[in-house]
Amino acid sequence: MFTLSFSDWTWNNIVIRMIVSLVLGTVIGIDRGAKRRGGGARTTITVCLGACMVMLLEQYLEALYPERLDISRIAAQVISGVGFLGAGSILISRHQIKGLTSAASIWTCACIGLATGIGFIDGAVILTGFWLVGVHLVPYIENRVYKHSRYMTLYIEVESGREITLISRKLKEENCFVDTFVVDKPMARGQCFQIVTTIRIPKGGSKEYFLRALREIKGIESVNEL
């Protein structure tokens, strides 16, 4: 049963909400910072406290002008507006998208701040706990599942366009299903062609075998699994 005592408009509750918001924002920020990811403690603390203040402001305005304001209006703007902040932490490097978890963490931190600001501290603490369990436990489950997956995403660098045909032919000979095959041409002379492809290897096939078979093709500079 969730407690409603923190929702009362009292000076003590206001301070408690801000302190809890600070602590929960710090927990999320330190977790991200320890992994050298975007959205460190300073960012998450600022987002969490700012969202908390938004809900405090809404409750204050509702008490000051009863029946004249929609208490959810400003909170809705926070939920949508914080997405622009999260977008700043998303990077695309070598056809890999990085920073999505950091962006989602910032957005979740805003939700926690909103919950804390309105006095729903129980839910904010529980959400933080589930978030920590999710980001630390789920990757282990993912790794176990992915080990048995027959899909591979490969990043390949080749000397010329001739090797692209050889790669396609080799994959067809090995009965691989090609899901995507994207080629980036070199921007300057002397640079390599870059290929990003997602394939599904046949049953009983070994990922190490396919990596080795592609690396043996003449003219291929490198083959790496993403």
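## Strand S5 and its bridge partners

Val178 has Ile199 of S5 as its bridge partner. Ile199 is likewise the S5 bridge partner of Met152, and Val183 is bridged to Ile195 of S5. Strands here are DSSP runs of E with at least two residues, helices are runs of H or I with at least four, and both are numbered from the N terminus. The model is predicted, so local features require pLDDT of at least 70 and side-chain atom pairs count only at pLDDT 80 or more, while totals for chains, interfaces and linings use all residues. Residues are numbered from 1 along each chain as its sequence is written, and side-chain values use heavy atoms, with hydrogens and water left out.

S5 covers residues 193–200 and is joined to S4 by seven bridges, the two strands running antiparallel. S3 and S5 are also antiparallel, with eight bridges between them. Six of the eight residues of S5 are buried, so that the strand is mostly covered; buried means under 20% relative accessible area, exposed means over 50%, and partly exposed lies in between, with a 1.4 Å probe and protein chains only.

## The four-stranded sheet

The open sheet has four strands in the order S4-S5-S3-S6, with antiparallel pairing. Two strands count as paired if DSSP finds at least two bridges between them. Strands of a sheet pair through backbone hydrogen bonds, either parallel or antiparallel. Strands S4 (177–184) and S6 (220–225) are at the edges; each has a single partner strand, so one side of each is left without a neighbour in the sheet. From one strand to the next, the twist averages 20°.

Two helices lie across strands of this sheet. Helix H6 (residues 162–173) lies across S3 (151–158), S4, S5 and S6, and runs at about 170° to S4. Helix H7 (residues 207–215) lies across S3 and S6, at about 165° to S6. Angles run from 0 to 180 degrees between N-to-C directions, and axes are lines fitted to C-alpha atoms, for helices over the stretch in contact.

## Individual residues around the sheet

Glu163 lies in helix H6 and is buried, with a relative accessible area of 4%. Apart from its neighbours within four places in sequence, Glu163 is in contact (heavy atoms within 4.5 Å) with Val158, Lys218, Gly219 and Ile220.

Asn175 belongs to the loop between H6 and S4. Asn175 is exposed, at 62% relative accessible area, and its phi is near 60°, a positive value in a residue other than glycine. Pro186, in the loop between S4 and S5, is partly exposed at 28%. Leaving aside neighbours within four places in sequence, Pro186 is in contact with Gln191, Cys192 and Phe193. The C-alpha atoms of Pro186 and Val158 are separated by 10 Å, although the two residues are 28 apart along the chain.

## Packing of helices H2 and H4

Helix H2 (residues 41–64) packs against helix H4 (residues 100–117) at an angle of about 35°, with the axes 7 Å apart. The crossing is right-handed, the term for a near helix turned clockwise from the far one by less than a right angle, with anticlockwise giving left-handed. H2 contributes residues including Val47, Ala51 and Met55 to the contact, and H4 contributes residues including Ile106, Ala110 and Leu114.

The contact residues divide into twelve nonpolar, six polar and no charged. In this division Ala, Val, Leu, Ile, Met, Phe, Trp, Tyr, Cys and Pro count as nonpolar, Asp, Glu, Lys and Arg as charged, and the others, Gly among them, as polar.

## Nonpolar cores

A nonpolar core is a set of buried Ala, Val, Leu, Ile, Met, Phe, Trp, Tyr and Cys residues joined through side-chain atoms within 4.5 Å. The largest has 21 residues, of which Val47, Val78, Ala110, Ile112 and Leu114 touch the most other members. Helices H1 (11–34), H2, H3 (73–87), H4 and H5 (121–147) each supply at least two residues of this core, and H4 gives the most, with six. Ala110 is in contact with Val47, Ala51, Val78 and Val82, leaving aside neighbours within four places in sequence. A second, separate core of 18 residues includes Ile156, Val158, Ile167 and Phe193.

Phe84 is found in helix H3 and is exposed, with a relative accessible area of 72%. Phe84 and Ile126 are 42 residues apart in sequence, and their C-alpha atoms are 26 Å apart in space.
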